[in-house]
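Hi,

Here is the structure I promised to pass on. Have a look at it first, and my notes on the helix packing and the cavity search follow below.

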Amino acid sequence: MPSTGEDRYRAHDYFGVDELLQEDHILARQSVRDWVKNSVSPIIEDYANRAECPVHLFRELGEIGAYGPSIPAQYGGGGMDEIAYGIIMQELERGDSGVRSMASVQGSLVMYPIFRFGSEAQKQKYLPKLATGELIGCFGLTEPNHGSNPAGMETYIREDGDSYILNGSKMWITNSPIADLAIVWARDEAGKIRGMIVEKDSKGLSAPAIHGKWSLRASITGELVFEDVRVPKAQIFPDIEGLKGPLSCLSKARYGIAWGAIGAALDCYDSALRYSIEREQFGRPIGGFQLIQKKLAEMITEITKAQLLVWRLGSLANEGRARPAQISMAKRNNVHMALEVAREARQIHGGMGITNEYPIMRHMMNLETVLTYEGTHDIHLLITGHDVTGLNAFS
Ligand code: TGC
Ligand code: FAD
């Protein structure tokens, strides 16, 4: 069995997907992997334990090009393809789902809508500073009474001269208490969903933190409360109306999560494999017992299937052919797979598996959120159900 460093990583590439990667994919993966090893892994258990967000990482994530890897370089993005974007998310989530969330929200839910739907002035003003992490953004879609069904949103805008007046609230918003700006989705007087960039110092805007999370503890989550917030018309996205706007952003982020979850699974698998060789019971390594081998064999089988799924999805995305329903299937499958791998890895570690000597419980708890946000496990199942039957379970 490969014993150290890169050998171990190669052992995780069971079907040789690496041979399908380009040089820039490998380079991006290596540089993010190195950064995670040096800047995330040594501190993350402590931050998660204290339920504190390592905010200093926002700038560093900008330096390694983790924000908007597939957004064109002229706007500060990485100018890379969708597979590079996925691989970067995988390596970040190998460190922690909350760190991957920092990058997902900034790149896919804040930079992407500005790039895709914003005016040229909005792009010039915000994208370069978001790309470096000088500005931090958040994405407000979910409301206290409308999670899985954002079409029911109650947050609204009404016209007032050169501005709109925004009222309502958003719930469970990653980064909101520390964000400089929020992408907010609200209904206009005609009932259409509009997107806008709301700056944090706007009068009437507050962003209280949500406390008491047992999951994604190194990520900060909060509300967005709007009380007669004046939003200049120049801050509205000119090029999009309707739920398609926010859902397109979700497609982008869900794609990254499908890759990212593999990183969490690999970290759990790697730890379990190593432990199974080192830990002896009944006079021999526990990895020699058939029941432990069954767990490990099933873990790497499921990881490999997930790798092949995102590889193909990435190829389709590069051709602009990845359908939302395919992205839903990959997000659902891969996150569930990672959670199952974490649970099996926890068992292989025995009692040690519940401690923060190992990353397993942190990944497992994080993945409970990942299973729910960006569309719950069951909502993605229903999206597949709709796709294959043509019958919509939502209406
Ligand atoms: P429906 O009628 O199906 O669609 C309305 C319009 O949107 C289009 N569309 C999409 N476009 C792009 N990507 C997608 N994934 C799309 N899904 C739908 C659709 O074609 C249609 O376009 P048009 O031109 O005909 O108007 O809408 P529905 O109201 O029936 O909703 C369906 C449903 C339930 C699947 C949708 O509402 C949904 O996905 N719900 C889940 C909500 C969700 O995922 N929320 C996530 C909030 S953000 C978050 O969690 C961030 S976590 C951040 C972190 O990483 O920390
Ligand atoms: P609900 O929609 O109330 O669902 C509750 C349960 O009912 C789920 O099991 C669901 O699957 C099930 N259910 C709902 N409808 C149906 C149906 N039709 N058929 C069968 N079952 C159904 N949102 C943002 O906008 N921005 C963010 O940055 C963001 N970050 C988040 C960070 C964290 C840590 C968390 C936990 C959430 C975040 N979210 C964010 C919100 C997230 O997207 C929602 O929690 C998620 O979409 C589910 O909504 P809900 O929690 O209101 O659950």
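This is a predicted model: local features need pLDDT of at least 70, side-chain atom pairs count only at pLDDT 80 or more; totals for chains, interfaces and linings use all residues.

Helix α4 (residues 82–95) packs against helix α10 (residues 360–372) at an angle of about 130°, with the axes 10 Å apart. Helices here are DSSP runs of H or I with at least four residues, numbered from the N terminus; axes are lines fitted to C-alpha atoms over the stretch in contact, and angles run from 0 to 180 degrees between N-to-C directions. α4 and α10 are therefore oblique to each other, given that under 35 degrees counts as roughly parallel, over 145 as roughly antiparallel, 65 to 115 as roughly perpendicular and the rest as oblique. E93, R94 and G95 of α4 touch R362, H363, L367 and V370 of α10 (contact means heavy atoms within 4.5 Å). That contact has two nonpolar, two polar and three charged residues, where Ala, Val, Leu, Ile, Met, Phe, Trp, Tyr, Cys and Pro count as nonpolar, Asp, Glu, Lys and Arg as charged, and the others, Gly among them, as polar.

Residues are numbered from 1 along each chain as its sequence is written, chains are lettered from A and ligands numbered from 1 in the order written, and side-chain values use heavy atoms, leaving out hydrogens and water.

α4 also packs on helix α5 (residues 97–117), at about 150° with the axes 7 Å apart, so the two are roughly antiparallel. Y85, M89, L92 and E93 of α4 meet S97, V99, R100, A103, S104 and S108 of α5. By class, that is five nonpolar, three polar and two charged residues.

Then there's α7 (residues 244–278) with α8 (residues 290–318): their axes come within 10 Å and cross at roughly 155°, so this pair is roughly antiparallel too. Among the contact residues are W259 and Y269 of α7 and M299 and W311 of α8. The contact divides into 20 nonpolar, three polar and no charged residues.

The largest cavity holds about 30 Å³, and its lining is G68, P69, S70, I71, Y85, G107, S108 and K252.

Cheers

Definitions and conventions: On a 1 Å grid over the protein atoms alone, a cavity is a set of points where a 1.4 Å probe fits but cannot get out, and a pocket is an open set with protein on both sides within 12 Å along at least five of seven lines; lining residues have an atom within 4 Å of a point. Grid points are joined across faces, edges and corners, and a volume is the space filled by probe spheres set on the points.
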